[in-house]
Amino acid sequence: MAEMEEPEKKRGRVVELTEKMVVDGVGGGSCEWEGRWNHVTKFLERSGPFTHPDFEPSTECLQFLLETCKILVIGAGGLGCELLKDLALSGFRNIDVVDMDTIDVSNLNRQFLFRSKDVGRPKADVAADFINSRIPGCRVVPHFKKIQDLDETFYRRFHIIVCGLDSIVARRWMNGMLISLLVYEDGEVDQTSIIPLVDGGTEGFKGNARVILPGLTACIDCTLELYPPQINFPMCTIATMPRLPEHCIEYVRILLWPKEMPFGDAIALDGDDPEHIQWVFQRSLERAAEFSITGVTYRLTQGVVKRIIPAVASTNAVIAAACATEVFKLATSAYVPLCNYMVFNDVDGLYTYTFEAERKENCSACSQIPQDLGFSPSSTLQEVLNYLTESVSLQMKSPAITAKVEGKSKTLYLQSVASIEQRTRPNLSKTLRDLGLKDGQELAVADVTSPQTMLFRLCFTS
């Protein structure tokens, strides 16, 4: 009889604890219960064969996680949902999450913090509400906006930033922001100004996790060749000289849709709406026929419009767990963090390995030295622009080039503003000599891939 009573006592204890959590409310100091953090204290209050050589077990580490450590999660999609869950259950309570997207029906199969009733709502808001209501004491603060809309003061508030993004452009911008926060003294980086970046990425059954210490280890731009090149087409090519079927689709997406507004002035192009995709497809076929280009299909049209990247829930879970583990290591100093890149692949069986990515001395993002651009004086500005966008080590999206000519700052080309693009477009066909540029001259290049203006030194070749 006593054996039968024990499970009843346990169930009663669970009900009692649940009721107590509801009464106390999320974030209350009394929402703890005995043994809640046993799984964490096993790592923080005793040493072991894998702990950091300088680690001293104590209760202070757990208190730092629970009360002080501030974590910023970038992205609340497939990786972001997993990251928020893992971090909250690991003892991190002060978490902010930034995401600019709203929930779509197609997200529900893997982004498990969302339900059908949430479709149309901001991902950041729903994810924060779910975690806060499900995990007592956790305080997730949502930010429904672009990362570019937040300033340096905001990012300085955090001890660690972890990215669960599907955009290399956004990764590079975040990388550039953390580099811009570094303080240098006598040429050496002040380590108190370093905010570690833990980055995860997935594509189908493949993924990677990495730890970046800005100013000390390889940054995102140092290893840009490890990422697949982003497909970005110069506006001048799209508008006047299309050569690929993608050029035709981008022409319709970027220029024709906002001009013609086929479904009403207030309706944005929806990649999940078959009528929208069909319209873009038909107009792309017309554009392709005009320039004798083949290969425009409905599937390609949808892929270009939606920037489709395949996602698998199990891969997201593995990579998010690896990233959360690295955040735990960095926050507690209990274990040596990843050094510094981990690759995961379970396409055929399970395969993973780690390696140390090395810093580039002439990295356009984290180096203190302007990168050299070697061109002949007879080269055109278009050739320089092509190099900036097509080079594996740069992969810029829409660079704006400025230089000092005869003592005055002059915009040589700017794509993002239509009126200035039209005015500066003739410069693309001019030679560097005709533009008044000289050997050794610095070019300032601004691009959406970085919050900073990057400096290059023009080196004339024979």
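**Overall dimensions and strand pairing in the predicted model**

The protein chain exposes about 23,400 Å², of which carbon and sulfur atoms supply 53%, with accessible areas taken from the Shrake-Rupley method with a 1.4 Å probe and, for residues, only the protein chains shown counting as cover. The structure is a predicted model, in which local features need pLDDT of at least 70 and side-chain atom pairs count only at pLDDT 80 or more, while totals for chains, interfaces and linings use all residues. Residues are numbered from 1 along each chain as its sequence is written, and side-chain values use heavy atoms, with hydrogens and water left out.

Along its principal axes the C-alpha trace spans about 95 × 60 × 40 Å. Of the 462 residues of the protein chain, 46% count as buried, where buried means under 20% relative accessible area, exposed over 50% and partly exposed in between (1.4 Å probe, protein chains only). The secondary structure comes to 14 helices and 15 strands, these being DSSP runs numbered from the N terminus (helices H or I, at least four residues; strands E, at least two). Among contacts (heavy atoms within 4.5 Å) between residues at least 6 apart in sequence, 63% join residues at least 24 apart.

Strand β2 (residues 94-98) is largely enclosed by the rest of the structure, because five of its five residues are buried. Asn94, Asp96 and Val98 point one way from β2, whereas Ile95 and Val97 point the other way. Strand β1 (residues 70-74) pairs with β2 in the parallel sense over five bridges, pairing being assigned if DSSP finds at least two bridges between two strands; within this pair, Lys70 has Asn94 of β2 as its bridge partner. On its other pairing, β2 runs parallel to strand β3 (residues 139-143), again over five bridges, and Ile95 stands opposite Val140 in β3. The chain crosses from β2 to β3 through helix α5 (residues 123-134) in a right-handed β-α-β crossover, that is, one in which, with the strands pointing away from the viewer, the path from the first strand over the helix to the second runs clockwise. A right-handed β-α-β unit is also made by β1, helix α4 (residues 78-89) and β2.

Antiparallel pairing is found elsewhere in the chain, where five bridges join strand β8 (residues 206-212) to strand β9 (residues 341-345), with Arg210 opposite Tyr341 in β9. Strand β9 is in turn joined by five bridges to strand β10 (residues 351-355), likewise antiparallel, and Phe344 has Thr352 of β10 as its bridge partner. The hairpin formed by β9 and β10 has five residues between the strands, and Gly349 in the turn has a positive phi of about 75°.
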